[in-house]
Amino acid sequence: DDVLPAPLLGALRKAFEEGAPFWAEHGYPTPGFFSYNQPLGDGPGDRRAVAVSLIAAAAERVLPLAARSFPSLFCGDAGQRRRV
């Protein structure tokens, strides 16, 4: 569906492929579940939104699509952006 540019997708595939250092460095496999929280800015012009990692770069590409597809998750009653 071309949501992510080919270079970013390729880098993500490499970073998370079987045997990649990420898995051992993060304790996989693990008996419990855990996740990561990546703060997002308000858009590409927001200095807080500068991608500092592959995950952040992917999230910043997907965020506008998710907001358009699921607006109720992103806006409150007064049109204020909700934290997701």
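In what order do the elements of the chain run from the N terminus on?

## Overall architecture

In this predicted model, the elements of the chain follow one another as α-α-α-α from the N terminus, and the secondary structure accordingly comes to four helices and zero strands. Of the 84 residues of the chain, 18% count as buried, and the chain exposes about 6,700 Å², of which carbon and sulfur atoms supply 59%. Among the contacts in the chain between residues at least 6 apart in sequence, 36% join residues at least 24 apart.

## Helix α3

Helix α3 covers residues 54–69, that is 16 residues, and reaches 23 Å from its first C-alpha to its last, a span close to the 22 Å expected at 1.5 Å a residue.

## The loop between α2 and α3

A cis peptide bond joins Tyr28 and Pro29, with omega at about -10°, and Pro29 lies in the loop between α2 (21–25) and α3. For context, most peptide bonds are trans.

Key
Residues are numbered from 1 along each chain as its sequence is written. This is a predicted model: local features need pLDDT of at least 70, side-chain atom pairs count only at pLDDT 80 or more; totals for chains, interfaces and linings use all residues. Side-chain values use heavy atoms; hydrogens and water are left out. Helices (H or I, at least four residues) and strands (E, at least two) are DSSP runs, numbered from the N terminus. The expected span of a helix is 1.5 Å times one less than its number of residues. Buried means under 20% relative accessible area, exposed over 50%, partly exposed in between (1.4 Å probe, protein chains only). Contact means heavy atoms within 4.5 Å. Accessible areas come from the Shrake-Rupley method with a 1.4 Å probe; for residues, only the protein chains shown count as cover.
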